[in-house]
Amino acid sequence: MLALLGSILVPLVAAGLRSVLWVPVGVAGLALAAVGVWWVLAHTGVLRVLGAVLSVAAPVAVFALYAAFGLLGPALVSLALWALAVTTARTALTPGHPASEQALTEAPHAPWVLMNPRSGGGKVGRFQLAEKARAAGCRVVLLDAGQDVVELARRAVAEGADLLAVAGGDGTQALVAEVAARHDLPFVVIPAGTRNHFALDLGLDREDPAAALPALTDGVELRVDLGYAADRVFVNNASFGTYASVVTDPAYRDAKTRTTLRTLPGLLTGEEALRLRARAGRTRVDGLQALLVSNNPYGRAVDAARPGRRERLDSGLLGLVCVRVGSTAEAARIVRGPRSGGLVRLTAEEVVVEAGTDTLPVGIDGEHVVLPSPVVCRSAPGALRVRVPRHRPHARRGSGAAADWPRVARLALGRLLPGRRTAPPG
């Protein structure tokens, strides 16, 4: 609460009431930068070049104006205090370790590990994962190009595996996780892929894949949800619209940025641009260019505590992020946040996506598939038993509640006034 108060008082003390008049200048700079980004993504030629210049020049001009009038320092201090306030508020409201976390009672007798030697630029070989897993008593199968991952996992179960593990990317993790969930077997994530978002939200060390192996003998077990898009499982997300269409281009794998910039204008403003419709519970949203359905909601990208990460993997809910920006004016208004209508965030147990076409391209954990339309996405609460090391560097501490300022204020008053009763976090 003191940090929040400080973020308001610092500019007032430094510049008086005139500091309030400079807030619209900052907002205008953000709006112009958003317009510039839109021109870069949705247009080509001269307008794309102008957009690139505007997206850089607008915030630089705002910083220059703030500096010229002696407000840059107070503004930066105010932002830092606001970030501290949000981070500590969320920490204060976090109840502790997840209720689903249980200590392991025994090690597996026949663990089976699938390893993709090509994932992450060869992390399996670089970190000697196969040798270390065999030394831990695991049966290791190295995946060859073109092999059916699901069939390999099913064969492992048929041969008596009592634990399944994957060293690879999120797409491979999802396929084997579904087999583990179907047979109620524990599952171990070894982050040997490129991004490893699932491992990140489990709190695992993505820089050292071998650090996940102690989960076999000294770990805890979590019950986490799985997401389904039609009959396809996902551990992270299913994306529809622009991104899903971009990844269909064969050149995307080798030249991601160039391919994205080449194809986006047609996908956003072209005659054949998809316009998606979604139904989440009783809420309907249409006219969407992009839609992301996630296995549990992601935090906001500007969240100071855990930007763009999932605080929970066991809420039983899907997260929904919808993008609806069809013009320059709508791009400028997106700085208003949820009130702009350009960015919509929802949660639901089931989401239905359609676009007036027979099929829809979908990016499922980064892998391209085509599904019959409409696509029904649903959550399977607690479907997967995940074993993780007891000590992991980025373990989530709890439910990650939003910064509920009235509740934070009540907790703060309880500290100041010991006789005052306050409800405990959670």
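This is a predicted model: local features need pLDDT of at least 70, side-chain atom pairs count only at pLDDT 80 or more; totals for chains, interfaces and linings use all residues.
Local features need pLDDT of at least 70, side-chain atom pairs count only at pLDDT 80 or more, and totals for chains, interfaces and linings use all residues. Residues are numbered from 1 along each chain as its sequence is written, and side-chain values use heavy atoms, with hydrogens and water left out.

**Exercise 1.** Determine where Asn196 lies, and whether Asn196 is buried or exposed.

*Solution.* Step one: Asn196 is in the loop between strand S5 (186-191) and helix H10 (197-201). Helices (H or I, at least four residues) and strands (E, at least two) are DSSP runs, numbered from the N terminus. Step two: the phi of Asn196 is positive, about 55 degrees, although Asn196 is not a glycine. Step three: with a relative accessible area of 3%, Asn196 is buried (under 20%; exposed is over 50%, partly exposed in between, with a 1.4 Å probe and protein chains only).

**Exercise 2.** Locate Ala230 and classify its accessibility.

*Solution.* Step one: Ala230 occupies the loop between strand S6 (219-229) and strand S7 (232-234). Step two: Ala230, a residue other than glycine, has a positive phi near 55 degrees. Step three: its relative accessibility of 33% makes Ala230 partly exposed.
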